[in-house]
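I would ask you to keep the sequence and the coordinates in view while I speak.

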Amino acid sequence: MARILLIEDDDGTAQEILLGLARAGYVATRAATGADGLAAIRNGDNDLVIVDRQLPDSEGLDLIATMRSEGIRTPALVLSAMGSLDDRVRGLRAGGDDYLPKPFALIELLARIEALLRRPVEGRETQLFAGPIDIDLLAGTALRNGRDLELLPRELLLLEYLVRRPGRVVTRMMLLQDVWGYNFDPRSNVVDVHMSRLRRKVDGDGDPPLIRNVRGEGYRFDAPA
Amino acid sequence: MPLRERGARVIGRGTLLHWGIAIALLLAVQSVAMAALFWVSAREGHRGELDEALSHDCTAFAALSPSARRMELHRQLELDVHRDRFLAVANAGGHVLYGNIAVLPPGVAMNGIGTATVTPTTLPGKTSDVARGRLCRLPGGQVLFSGIDLDDSEQALRIVERTLLFALLPGLLIAVLGGWYVARRAGRQLDAVRVLSEQITRGELNRRLPVAEHPDSFGQLCAHINAMLDRIETLVGEVRGIGDDIAHQLRTPLTRLRARVEREMEDAVSRDDFARAGAATLADVDQALAIVAALLRIHEIEHRAKCAGFTRVDLGALVRDVGELYAPVAEDSGRTLAIAVDGAAAVSVSADRDLLGEALSNLIDNAIKFGPIGGIVTLSLAVEDSAATITVADEGAGVAAADRERVFQRFFRARGLQNVPGTGLGLSLVRAIADLHGFTVALADRGSAVSIRVPLDRG
């Protein structure tokens with residue numbers, strides 16, 4: 001089971017996150033200050049670190065920079081209440097692996113953690129097979145049980161993204177970021193609209209559904225064994 | 001705080017007093033210096049004249065034969081009706097041969113000039129006097145002493161001194177009065193500014209400094225302060241308005257949320273009921289959070305440094321991209337999204353791609369929300385020589401002329417649209433993004449269209 005270190009000074013927020021992590025099956029510990037956090041990073045063998053940017057004694061990004069300069073390569077996810085535009089870029093530049101502005105949905109946090117812990121091997125293979133699905137990226141086609149799904153280019157990218165992360169939740173924000181390359185909250189249901197079209201094509205013909213909606217926040221591709 | 005304020009006031013008054021004293025002193029020093037200069041130059045001028053006359057005597061006597069000298073000496077003494085001349089001729093040993101002094105005065109060097117005590121022989125009741133004198137050796141070895149009594153000139157100088165001293169008194173008086181007046185005037189002006197700043201500190205932002213019709217430099221400063229206060233008052237007014245709006249805008253969803261939670265806690269009997277209530281609650285909280293997030297985002301865009309994170313953005317590609325993103329949304333809502341990109345040549349500008357995408361997505365979202373069902377939403381890019389224009393148009397009624405500028409204000413919702421979901425912040429955000437880039441955003445004069453005008457820097 002993956003061990004996660006949470007460095008967050010606000011007790012209420014930390015409590016909620018710890019409960020969420022525990023429920024998702026992670027072993028989570030918490031440090032309330034940057035100094036304690038750094039000590040815990042140096043001591044323990046954590047699989048992932050979640051760092052709040054505004055700590056009472058230090059800036060979360062400095063902490064990550066220090067940790068990276070010491071050669072500690074544990075994946076780090078940055079939380080921020082500031083929600084600044086450049087924060088994401090700065091967070092990633094400081095050595096953070098992902099960035100999440102507060103307030104966030106718990107499912108979003110869990111999806112990001114899972115993505116960091118099990119980074120997909122973005123292989124160079126141009127053909128993907130997942131249960132009944134065959135994707136040929138060079139030909140730009142996707143088949144289900146040999147039948148062409150007639151996907152548009154963007155729909156093919158969406159399906160590829162899901163198929164490469166079987167059994168894992170991907171959120172709307174992740175899809176918008178990674179498939180469209182936009183870093184903003186569209187505030188409307190754009191991603192859902194695209195996903196529902198994709199699902200109609202992939203799961204439309206009474207076959208058992210492969211793409212599921214997860215609590216209104218994200219999607220999961222379940223490849224049958 | 002009051003203590004410190006009072007302290008500050010005392011220091012202020014003291015400083016003014018110092019200024020007054022300093023000005024008075026300056027004027028006094030100037031008077032004294034002028035008097036002293038006058039005195040010294042008068043004295044020196046007089047000395048110079050005397051010394052020249054004495055030297056002249058030496059040359060005149062040197063030109064005479066020893067026998068003629070006695071006659072010339074007596075002639076000169078006879079001409080001296082004021083009896084302030086001292087003349088004597090002595091032999092080489094310094095013994096006076098003839099003249100009107102008994103001995104050569106000590107203290108005057110040979111061929112030198114100096115002030116010395118002489119011993120007159122012809123003045124009644126006077127055996128000693130102070131004179132300016134010159135000693136010179138004449139051809140043949142004789143020595144001439146030529147002197148002028150200093151009594152008269154000393155008296156004249158004393159009169160000058162006294163006059164100057166008397167003149168100093170009114171000068172000093174004027175200096176003190178002037179210093180006092182200047183200090184008081186400056187004090188009054190500073191007091192006016194101080195009183196104003198105290199009033200403003202208390203919150204009376206509408207106070208202004210009086211400015212004369214033809215202001216001096218202090219008056220101009222006051223006018224500048226007034227202009228600054230005007231701007232601050234406007235800004236504070238805006239901020240107050242926004243603060244009130246935020247409170248009001250958040251109160252509505254929170255009130256609704258509270259009522260719903262209360263009712264559903266009463267009504268819910270099953271676990272499913274609670275789950276439904278929870279989901280509805282989440283949606284309401286998200287709506288409130290969306291308002292906060294949008295406000296923070298506008299704030300950060302407005303305060304962001306221009307060009308931070310700017311890259312070259314291909315406008316045509318961006319328009320097509322965002323169009324493709326929204327086409328299915330329009331279709332699902334029963335509208336058609338048409339994309340028209342003008343020209344084959346790529347137009348690229350320095351911009352933040354995410355922000356421009358966000359601005360476009362807001363405009364398209366609005367057009368889909370407010371355009372008529374079954375209508376066409378047009379997203380177009382028109383390229384001219386100096387500018388490119390991105391326009392989002394729908395077939396709705398558009399915004400009333402009176403509201404065209406106000407739609408960009410935070411929380412502005414046109415009448416009749418209060419119940420359309422949204423934060424009322426979309427266009428404020430679009431404008432903030434446009435401002436950051438130096439683009440202009442405007443509503444069309446007729447119909448329902450919003451345009452972002454992008455100046456092109458083709459070189």
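**A buried leucine, a sheet and an interface**

A:Leu210 is buried, because 22 other C-beta atoms lie within 10 Å of its own, and the criterion for a buried residue is 20 or more. Please bear in mind throughout that this is a predicted model.

Where in the chain does A:Leu210 lie? This residue belongs to the loop between H8 and strand S11 of chain A, the latter covering residues 211–214. Which residues are in contact with A:Leu210, once its neighbours within four places in sequence are left aside? They are A:Gly131, A:Ile133, A:Val202, A:Asp203, A:Phe221, A:Asp222 and A:Ala223. A further pair is A:Leu210 and A:Val163: 47 residues separate them in sequence, while their C-alpha atoms are 9.9 Å apart in space.

I turn next to the sheet. In chain A, five strands form an open sheet with parallel pairing, in the order S2-S1-S3-S4-S5. Its edge strands are S2, residues 27–31, and S5, residues 98–101, each of which pairs on one side only. From one strand to the next, the twist averages 20°.

As for S2, helix H1 of chain A, residues 11–23, lies across S2 and strand S1 (3–7) of chain A, and its direction makes an angle of about 165° with S2(A).

My last topic is the interface. Here 19 residues of chain A are in contact with 20 residues of chain B. On the side of chain A that touches chain B, helix H4 (85–93) and helix H8 (190–203) each supply at least two residues. H8(A) gives the most, with four residues. By class, that side of chain A has nine nonpolar, six polar and four charged residues.

How do H8(A) and helix H6 of chain B, residues 315–332, pack? Their axes are 9 Å apart and meet at an angle of about 80°; the two helices are therefore roughly perpendicular to each other. From H8(A), the contact is made by A:Val190, A:Val193, A:His194 and A:Arg197; from H6(B), by B:Leu325, B:Tyr326, B:Pro328, B:Val329 and B:Asp332. Sorted by class, this contact has six nonpolar residues, one polar residue and two charged residues.

Methods. Residues are numbered from 1 along each chain as its sequence is written. Chains are lettered from A and ligands numbered from 1 in the order in which they are written. This is a predicted model: local features need pLDDT of at least 70, side-chain atom pairs count only at pLDDT 80 or more; totals for chains, interfaces and linings use all residues. Two strands pair if DSSP finds at least two bridges between them. Axes are lines fitted to C-alpha atoms, for helices over the stretch in contact, and angles run from 0 to 180 degrees between N-to-C directions. Two residues are in contact if their C-beta atoms, placed from the backbone, lie within 7 Å. Ala, Val, Leu, Ile, Met, Phe, Trp, Tyr, Cys and Pro count as nonpolar, Asp, Glu, Lys and Arg as charged, and the others, Gly among them, as polar. Angles under 35 degrees count as roughly parallel, over 145 as roughly antiparallel, 65 to 115 as roughly perpendicular and the rest as oblique. A residue is buried if 20 or more other C-beta atoms lie within 10 Å of its own, exposed if 12 or fewer, and partly exposed in between; C-beta atoms are placed from the backbone.
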